[in-house]
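I opened my notebook today to look up a few local features, one entry at a time. Here is what I was looking at.

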Amino acid sequence: MNKNIIFLIPSISGGGAERVIVDLSNMFAKNNYNVSIFCIYKKKIEEYKLDNNITVSYLNSKHISLSAFKLLSILLKSKKSIVISSITPLNCIVSLFKIFIKKHSLILMQHEIPSWEFNQKGLITRSLPLFMRILYKYADSIVCVSKGLKKEMEDLLGKFSKHKIKQIYNLNSITNFKREKKSEFSEKKLLNKKLIKVLSVGRLDRSKDLTSLIKAFDLFRKEVNSTLTIVGSGPQKNKINNLINYLELQKYIKLIPFKKDIYSSYKESDIYVSSSVHESFGNTIVEAMYFGLHIVVTDCPYGPKEICEYGTYGYIAKASSYKDIYEKLLICYKEDSVPNYDKNLKRFSEESIIKQFLDLPCFR
């Protein structure tokens, strides 16, 4: 069995895909694999903690496309390894190299949803689905982080690549810890609380549709004494602030940047809302379940409703419908208690995820 693993990622700071690579790297290092991470660029602050046995190298390129020759050199010099790449443009470049470098096995992690992510940007970005159809066939396995994304990738890549496409949910390192006892609000109706705290965590961009969440909260807080905390940063910060000011919600809504002690926000909250219009997975929903929050998600493609088992472990509102999100918030408020999330959380645990990876052909 090959015990060398190379992870390729733009950086190990920032979004959900980066967080997943860090968690996977730690998982494999813990299971005695020789793990190396190569980052395209380095950000000033690396937010995630890595196992001491993992080596991290930086190519110091300004853009993924400018790193191609450096990546090729690294793969040519490296010992036989399982290469795991993440982020679609990088996946396409590495798939092209696989034509010429046969000694490595290649796993592509697919986080982006092609039908949503690549249809409203520049020419090169809009061309990515075409590059995927041409190049992804050279990978040994393509791992999709939700069932819906797997189906979309099967349709995109066609029958000749279908057998390579596997679905494995994101590993979330929080599942490594023993579940805390349900907090007081979980054992009683929220009706008994004087103040209900609503939380949402994620990048401030159009995909999260925080406009609908804020409008829903505006209706909710008129009936229920409540606050909303939004944790994140991104291009729509000014737009969101303007809406908060327009609705005169400054006293009720806190907009704060992402912080390392994010878990304190979960502990202090009662209801978690994911209002996305598209989401390949949804790491924060898993974290909210760990802390015993009531859950409201939208029926967007693809991950949130899968994480909630289509309504078993949370309430599903119509995407882009602030009225339906508001109605689901009211249902949470009137509920007796949250579901027992323990069984559901096992699907995203280290024990479950490593078993599925080791079942891929290149690990056998």
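Before anything else, I wrote down what a helix is here: a DSSP run of H or I with at least four residues, with helices numbered from the N terminus. I also noted that this is a predicted model.

**Entry 1: a helix on the inside**

I began with helix H12, residues 283-290. How many residues of helix H12 are buried? I found that eight of the eight are, so H12 is largely enclosed by the rest of the structure. The cut-off I used for buried is under 20% relative accessible area. The buried residues are Asn283, Thr284, Ile285, Val286, Glu287, Ala288, Met289 and Tyr290. Just after H12, I came to Gly292, which takes a positive phi of about 75 degrees.

Asp209 is not a glycine, yet its phi is positive, about 45 degrees. I found Asp209 in the loop between strand E8 (196-201) and helix H9 (210-223). Asp209 is buried, as its relative accessible area is 12%.

Glu248 also is a residue other than glycine, and its phi is positive, near 55 degrees. I placed Glu248 in the loop between helix H10 (237-246) and strand E10 (253-256). Is Glu248 buried or exposed? Glu248 is exposed, with a relative accessible area of 60%.

**Entry 2: a cis peptide bond**

My reminder for this entry: most peptide bonds are trans. Which residues does a cis peptide bond join? I found Pro301 and Tyr302, with omega at about -10 degrees. Tyr302 sits in the loop between strand E12 (294-298) and helix H13 (303-307).

**Entry 3: two helices packing**

I noted that two packed helices are described by the angle between their axes and the distance between the axes. For helix H2 (residues 68-77) and helix H3 (residues 88-98), I read an angle of about 50 degrees and axes 11 Å apart. H2 and H3 are therefore oblique to each other. H2 passes H3 in a right-handed crossing.

Which residues meet? From H2 I listed Ala68, Leu71, Leu72 and Leu75, and from H3 Leu90, Ile93, Val94 and Phe97. By class, this contact has eight nonpolar, no polar and no charged residues.

**Entry 4: cysteines**

A disulfide is a covalent bond between the sulfur atoms of two cysteines. The cut-off I used is sulfur atoms within 2.5 Å. How many disulfides did I count? The count comes to zero. Cys39 is in no disulfide, and the nearest cysteine sulfur, that of Cys92, is 19 Å away. Cys39 is buried, with a relative accessible area of 0%.

I checked Cys308 too: its closest cysteine sulfur is in Cys332, and at 10 Å that is too far for a bond. Cys308 counts as buried, because its relative accessibility is 0%.

I finished with Thr229, which lies in strand E9 (residues 226-231). Thr229 counts as buried, because its relative accessibility is 14%. What does Thr229 touch, not counting residues up to four places away in sequence? I wrote down Val198, Leu199, Ser200, Lys254 and Ile256.

Key
Residues numbered from 1 in each chain as written. Predicted model: local features only at pLDDT ≥ 70, side-chain atom pairs only at ≥ 80, totals over all residues. Heavy atoms only, no water. Axes fitted to C-alpha atoms, helices over the stretch in contact; angles between N-to-C directions. Helix = DSSP H or I, 4+ residues; strand = E, 2+ residues; numbered from the N terminus. Parallel < 35°, antiparallel > 145°, perpendicular 65-115°, else oblique. Left-handed = near helix turned anticlockwise from the far one by under 90°. Contact = heavy atoms within 4.5 Å. Nonpolar A, V, L, I, M, F, W, Y, C, P; charged D, E, K, R; others polar. Buried < 20%, exposed > 50% of the residue type's maximum accessible area, 1.4 Å probe, protein only.
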